[in-house]
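Have the model open as you read.

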Amino acid sequence: MPSELTLRGAAALIALIGLGVAIYITIADSGGGHPLCVAGGSGCQTVANSSYSHLFGVNVAVFGIAGYLGLLGAAFVPGDAGRFAGLLFALVGFGFSAYLTYLELFVIDAICQWCVASAALMTVMLGINAVRAFGYTGTEIRAGAQPASSAGA
């Protein structure tokens with residue numbers, strides 16, 4: 001199992017990448033446009049123009065920015081507080097991403113590649129934060145700390 005420091009570093013890196021994706025979507029929307037589909041097609045435009053791209057008048061990518069900032073912050077908080085904050089942010093982000101992906105597939109009938117990228121990143125974040133939370137809860141904070149169950153193994 002990776003050390004907690006490795007998990008925290010991976011979580012910070014993935015959060016930064018997710019933050020970049022969410023900021024790009026937000027900037028594209030704020031200019032009155034839509035994110036450009038990297039592989040071509042009009043899925044990003046269709047999703048961006050749907051009524052589901054905004055919640056309470058705010059682009060859903062702004063909520064993504066907030067979520068990724070929370071995940072980034074949690075990666076820098078040592079101990080159980082950081083572990084459970086990361087898990088909570090990742091669970092909420094994963095659930096919201098799953099809901100938005102459902103809407104893309106079954107309601108909007110279009111796929112935004114940037115949204116899929118964000119959902120994939122949030123899935124990875126859930127895995128990293130779950131391993132961190134369940135593997136290290138209650139352990140002392142040290143650079144190479146391993147969970148108690150693997151000590152001496």
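The report below takes the model's background, then the helix pair, then the pocket.

## About the model

This is a predicted model, where local features need pLDDT of at least 70, side-chain atom pairs count only at pLDDT 80 or more, and totals for chains, interfaces and linings use all residues. Numbering starts from 1 along each chain as its sequence is written, and side-chain values use heavy atoms, leaving out hydrogens and water.

## Helix 1 against helix 5

Helix 1 and helix 5 pack with their axes 9 Å apart, at an angle of about 160°. Axes here are lines fitted to C-alpha atoms over the stretch in contact, and angles run from 0 to 180 degrees between N-to-C directions. The two helices are therefore roughly antiparallel (angles over 145 degrees).

Nonpolar means Ala, Val, Leu, Ile, Met, Phe, Trp, Tyr, Cys and Pro; charged means Asp, Glu, Lys and Arg; the others, Gly among them, are polar.

## The largest pocket

The largest pocket is lined by 33 residues, and Val 60, Ala 61, Phe 96, Leu 100 and Ser 118 lie nearest its centre. A pocket is an open set of points on a 1 Å grid over the protein atoms alone, where a 1.4 Å probe fits, with protein on both sides within 12 Å along at least five of seven lines; lining residues have an atom within 4 Å of a point.

Helix 4 gives the most to this lining, with ten residues. Sorted by class, the lining holds 23 nonpolar, eight polar and two charged residues.

How values were computed
Helix = DSSP H or I, 4+ residues; strand = E, 2+ residues; numbered from the N terminus. Parallel < 35°, antiparallel > 145°, perpendicular 65-115°, else oblique.
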